[in-house]
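Hi,

Here's the structure I said I'd pass on.

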Amino acid sequence: MYRNTYMEVNLDAIKENVEIIQGICKKRIIAVLKADAYGCGDSHVARAVLSAGASMLAVSSLDEALMLRNEGYEGKILILGATNQEDIEILIKERISVAAYSRAWLEAIKDKDLKGLMVHIKVDTGMNRIGYKDIDEIKEVLETLIAKGCIVEGIFTHYALADDASQVDTNRQFEALKNIVEELDYEFEWIHADNSDASVGFKEDFTNAVRLGIGMYGVNNYGIKLHYPISMHTRITMVKHIKKGEKVGYGLTYEAKEDEIIATLAIGYADGFVRANQGRCVYIDGEYCEIVGRICMDQTMVRLPREMEVGTEVEIFGPNIHLEDMAKDLNTIPYEIICLISGRVTRTYIWEEKALVENARLLKSEVTEVQG
Ligand SMILES: *Cc1c(COP(=O)(O)O)cnc(C)c1O
């Protein structure tokens, strides 16, 4: 790690979060590790969730599933999103479960050899993304898959408004799933609907597993106290004194109102630190410091309230700047902020109280253990 711009992921805290949530929902955990575990590193987060007892991992595509296989994970994986008709052979060979999600998907594969393909039927109970809505169609899908020798191991739906405390829509979606499963009269090993918010906030004992994503990182809308395992940091690369009236950055959009101290940081929008952060604050040595001028591709300027040294660590988000507050400021959600942290940002991990560093991109294969 040479650039000092890094995201720290505390896997011990993720493990504990999974255990806390499992203690609340008392269902099997399907850990959702799509998008490189929301940017946190799928193989690392996998280690934490598996040691917390997760029963299955879920991803969004075959590519993501194969990355986990390549990293040595041999257990159950479910692809939540769409797969292509050409993928069937490899799905069977790699024992990766797929979602049955549309008429066109089934039409495209039904003349292939599907023996041994593991399937979860996706039911659309109101979100209108992917899945089957009509009970007769679902019956037909189930019959076809069984006749073709598939292993139909699960059925699931996804809530569109799990963060809404009234739960009116969640309840309606849940009842729709329940009615369908009861009507099918088939023994599904896995019945799942809850995302993180529903797993801590929505109570029912019909489903038997939850799909846990953002909750692992401490975010939930039901006030459950969890650890915050991720933070992002950089360092000051230069400090300068400017005179009243001098301007800062591309477009010269910031003008010093008095003589000021400006620090440059080694972070920019190419790190996923989007330009909309201009005007927000970062946290440096006990002070909230305003981001002044436009954020550049690799660098950002802030106004310091007092002299600070080059090399001083800067918190982008973490214990003093909450990821959820940052998301509110940016009119987005925590998911988007962490997913956008780019590949060149070094990831560092805490695991069993030891620190691990995974160098970004070019150096990625070097994972070294350092003193904690
Ligand atoms: C992403 C995703 C999840 C996880 O959602 P969180 O809100 O992060 O817990 C669960 N199920 C499906 C189908 C998803 O796409």
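Starting with the ligand: one of its nitrogen atoms has a polar side-chain atom of Arg211 2.7 Å away. That sits inside the polar-contact cut-off, a pair of N or O atoms within 3.5 Å.

Before I go on, this is a predicted model: local features need pLDDT of at least 70, side-chain atom pairs count only at pLDDT 80 or more, and totals for chains, interfaces and linings use all residues. Residues are numbered from 1 along each chain as its sequence is written, and side-chain values use heavy atoms, with hydrogens and water left out.

Back at the ligand, Lys34 places a polar side-chain atom 2.6 Å from a ligand oxygen atom. For Tyr38, an N or O atom of the side chain is 2.6 Å from an oxygen atom of the ligand. The residues around the ligand (a heavy atom within 4 Å) also include Val32, Leu80, Arg129, His158 and Tyr335.

Now the helices (DSSP runs of H or I, at least four residues, numbered from the N terminus). H1 (residues 11-25) packs on H3 (residues 42-51) at about 40 degrees, axes 8 Å apart; the axes are lines fitted to C-alpha atoms over the stretch in contact, with angles from 0 to 180 degrees between N-to-C directions. That makes H1 oblique to H3, i.e. not under 35 (roughly parallel), over 145 (roughly antiparallel) or 65 to 115 degrees (roughly perpendicular). On the H1 side, the contact (heavy atoms within 4.5 Å) uses Leu11, Ile14, Lys15 and Val18.

What about H7 and H8, and at what angle do they cross? H7 (residues 135-147) and H8 (residues 168-184) cross at roughly 50 degrees, their axes coming within 11 Å, so they are oblique to each other too. Ile135, Ile138, Lys139 and Leu142 of H7 meet Ile180, Glu183 and Leu184 of H8.

Cheers

Definitions and conventions:
Helix = DSSP H or I, 4+ residues; strand = E, 2+ residues; numbered from the N terminus. Polar contact = N/O pair within 3.5 Å; in protein donor to acceptor, adjacent residues only side chain to side chain.
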